[in-house]
Structure formats: structure tokens, C-alpha cells
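Notes below, in the order I looked things up.

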Amino acid sequence: MRIKTCFILLVALFPNLDDSHAADPETIAIIGTGDMGNSLGPKLAEIGYRVIYGSRNPSRDYIADLVKNTGPGTTAATQLEAAQAAGIVLLAVPWPAMERVAQNLGSLDGKIVIDVSFPFEQGPDGYPQSAVETSSAELIQGWNPGAKVVKWSLPTAYYIDQPLALGRRQLNLIASDDRVSKEKVAKISAAIGQVPFDAGPLRMSRAIEAQVLLFMVPLYQRRTEHWENTASLSSYWSCFWQEDWSEPVNDAGELAKFPTVQSQPTPCSEFPPDR
Ligand SMILES: NC(=O)c1ccc[n+]([C@@H]2O[C@H](COP(=O)([O-])OP(=O)(O)OC[C@H]3O[C@@H](n4cnc5c(N)ncnc54)[C@H](OP(=O)(O)O)[C@@H]3O)[C@@H](O)[C@H]2O)c1
């Protein structure tokens with residue numbers, strides 16, 4: 001009893017001690033309320049997360065409508081307040097704003113911080129190029145060493161609203177140095193109708209961002225047909241290379257068991273013998 005009274009007194013004197021209320025693990029702060037934020041918010045609320053939007057101006061009418069349309073329990077606050085209230089912080093701001101935003105959300109220690117950004121700019125030849133030497137996710141991790149940063153490569157916001165609009169679900173590449181956080185984001189991805197793909201450690205964000213850059217080439221050529229950031233499941237390598245494989249990397253854990261929500265890979269018997 002005395003210990004409990006002491007704790008209550010301490011919390012009253014130092015409110016940050018009581019982190020369990022300050023950062024709810026089932027609350028996701030969406031920082032930025034643009035195309036990506038307003039597509040993800042309702043989907044995340046639908047699968048049971050409490051959403052809190054972090055906006056530069058949370059009191060405007062647009063935000064009130066977004067909060068209302070997202071679902072019960074949704075709120076809005078400043079970017080800093082939203083990040084501090086949540087166990088998961090999803091950064092959905094344009095890359096040029098990221099450096100300032102990601103360093104002004106208070107301590108993100110212990111929180112899952114999701115990076116969905118692509119740090120691209122237009123190069124001198126007219127094609128897009130990366131605006132960073134490593135990757136956005138690694139920079140965000142460097143600015144917030146205590147955070148568990150996860151790169152989550154999502155398709156165009158429209159395919160978050162309509163996951164089957166292209167006739168099949170879209171592949172989401174997910175990378176992190178923290179397996180449990182990566183697994184959590186992968187489960188979220190599957191639950192909102194996407195196809196999670198374990199893309200390995202956080203440094204793979206460079207490859208993820210490079211792949212998206214490549215898929216944007218037709219867009220910069222102003223071709224009407226271009227690629228979404230996706231790929232198809234295949235059993236090709238396991239059919240023909242399994243015996244030559246060396247020891248696997250054994251850090252996938254539960255990620256290796258993700259439900260196959262896309263079509264089944266082609267059975268080995270269906271590949272031509274002379275391939
Ligand atoms: N849109 C897509 O289809 C898509 C697809 C894949 C990845 N992404 C990535 O997702 C991120 C967000 O994209 P988006 O299309 O949603 O961008 P957006 O619509 O241009 O803006 C996102 C939001 O960020 C906040 N914001 C803008 N400038 C800011 C600044 N200087 N400082 C602080 N906050 C600022 C604004 O929210 P408030 O006004 O409420 O503060 C804004 O509505 C980007 O990094 C992008 O690469 C987007």
C-alpha cells in the first residue's frame with residue numbers, strides 16, 4: 001500500500017515516469033495528414049488501432065472531418081503530442097520536411113517508428129534520383145538511436161484505399177533491425193489487405209528505395225503504362241536451387257510464416273524441364 005502511494009506521488013511530481021499511459025502500444029500516431037496519412041488512418045482504425053493524427057494545424061476543419069471519418073476513438077493533436085501519446089509513430093511527411101519533423105517529436109526511445117517515405121528529387125537529366133547517400137530509414141534511425149525504426153514500402157495511396165484495384169494485392173517490402181517490430185508492421189500490412197515481404201535488416205532500405213526509384217522511370221518518361229511497386233511470389237528458386245543452398249540466415253522467426261494472401265507460387269511440376 002505504501003509503495004503504491006509513493007508511486008502515485010512520484011508520478012504526480014514527474015509525469016513522464018508513467019510511460020504506460022503516455023505511450024499506448026496499440027495507439028498509432030500518424031504524423032502528416034496528406035494522401036498517405038488519410039489513406040492509412042481509416043485502415044489502421046478498421047483493424048483495431050487507436051489513431052491519433054499529428055498535424056501542424058490540428059484544429060482545422062479538414063482534420064475534424066478526417067478524425068470523424070477515421071473511426072471511433074480517433075483524435076488529432078500537434079505532431080509532438082501525437083508522437084508522445086503513441087507506441088507506434090508513422091512518419092507520413094514529404095522527405096524535405098523529414099529531417100526537421102523526425103528530430104522534433106520528443107524522445108522516440110522504445111517506440112516503433114515507421115518510415116514510409118521515399119527521399120527522391122529530380123536529377124539533372126530529368127529522371128528521379130535519391131536525395132540521400134544511405135536511405136531515409138537509416139537517417140531516421142541515426143537521428144533517433146533509441147527508436148525501433150521500420151521501413152515500410154507502401155504502394156500509391158489509392159491502392160491502400162483499394163487493395164484489389166489492380167486485380168491482386170500489392171507487395172510491401174519491410175525492413176528493420178528489430179525483428180519483433182518488423183513482425184508487428186508486417187502483421188499490420190497483411191491485416192489492411194497488403195502482402196508483407198520480409199526485406200531483411202534496416203540497411204536493405206537502400207535497396208527498397210532504389211527499387212521504387214527504378215519503377216518510377218516510366219512515370220518520368222510520361223508513359224501512360226507504368227509499374228506499381230510490386231512483384232510476384234515464385235517458387236522458381238526453391239524448385240531448382242534448394243540442394244545447392246548453404247546455411248540459411250535464421251533470423252526470420254515468425255516472419256517466415258506469414259499467410260500467403262497472394263496467389264500460390266507455381267508448383268515445381270509446372271516449370272518446363274529445360275527452363
Ligand atoms: N502518396 C502516396 O501515394 C505515397 C506512396 C508511397 C509513399 N509515400 C510517402 O509518404 C510520405 C507522405 O506522402 P504524401 O503523399 O501523404 O505527402 P503530402 O500529401 O504532400 O503531405 C503529407 C503531410 O505532411 C505534412 N507536412 C507537409 N509539409 C510539412 C512540413 N514542412 N513540416 C511538417 N509537416 C509537413 C502535412 O500534414 P499537416 O498539414 O497535417 O501537418 C501534409 O499533409 C512521403 O514521404 C512519400 O514519399 C507516399
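These entries go from the overall chain to the sheet, then to one helix and the ligand.

**Ground rules.** I'm working with a predicted model, in which local features need pLDDT of at least 70 and side-chain atom pairs count only at pLDDT 80 or more, while totals for chains, interfaces and linings use all residues. I number residues from 1 along each chain as its sequence is written.

**Overall.** I get 12 helices and 10 strands in the chain. These are DSSP runs numbered from the N terminus: helices are H or I with at least four residues, strands are E with at least two. Of the 275 residues, 36% come out buried. Buried means 20 or more other C-beta atoms within 10 Å of the residue's own, exposed means 12 or fewer, and partly exposed is in between, with C-beta atoms placed from the backbone. I also checked contacts (C-beta atoms, placed from the backbone, within 7 Å). Among those between residues at least 6 apart in sequence, 67% join residues at least 24 apart.

**Sheet.** I traced an open, mixed sheet of eight strands, ordered S3-S2-S1-S4-S5-S8-S9-S10. Strands pair if DSSP finds at least two bridges between them. S3 (75-77) and S10 (195-198) are the edges; each has a single partner strand, so one side of each lacks a neighbour in the sheet. Neighbouring strands are turned by 25° against each other on average, direction ignored. S1 and S4 run parallel, joined by five bridges; Asp24 has Ala86 in S4 as its bridge partner.

**Helices on the sheet.** H3 lies across S1, S2 (50-54) and S4, at about 160° to S2. H4 (61-70) lies across S2 and S3, at about 165° to S2. For these angles, axes are lines fitted to C-alpha atoms, for helices over the stretch in contact, and the range is 0 to 180 degrees between N-to-C directions.

**H6.** Which residues of H6 (95-102) are buried? I find Met98, Val101 and Ala102. They share one side of H6, because they cover an arc of only 85° around the axis (taken from the directions from the helix axis to the C-beta atoms). Pro96 and Arg100, on the other side of H6, are exposed. The cover over the buried residues includes S1 (24-31), H5 (79-85), S4 (86-91) and H7 (136-143).

**Ligand.** I count 20 residues around the ligand, the closest being Gly32, Gly34, Ser55, Ala97 and Ser117. The cut-off is a C-beta atom, placed from the backbone, within 6 Å. H3 (35-46) and H6 each supply at least two residues of that shell.

Technical notes
Contact = placed C-beta atoms within 7 Å.
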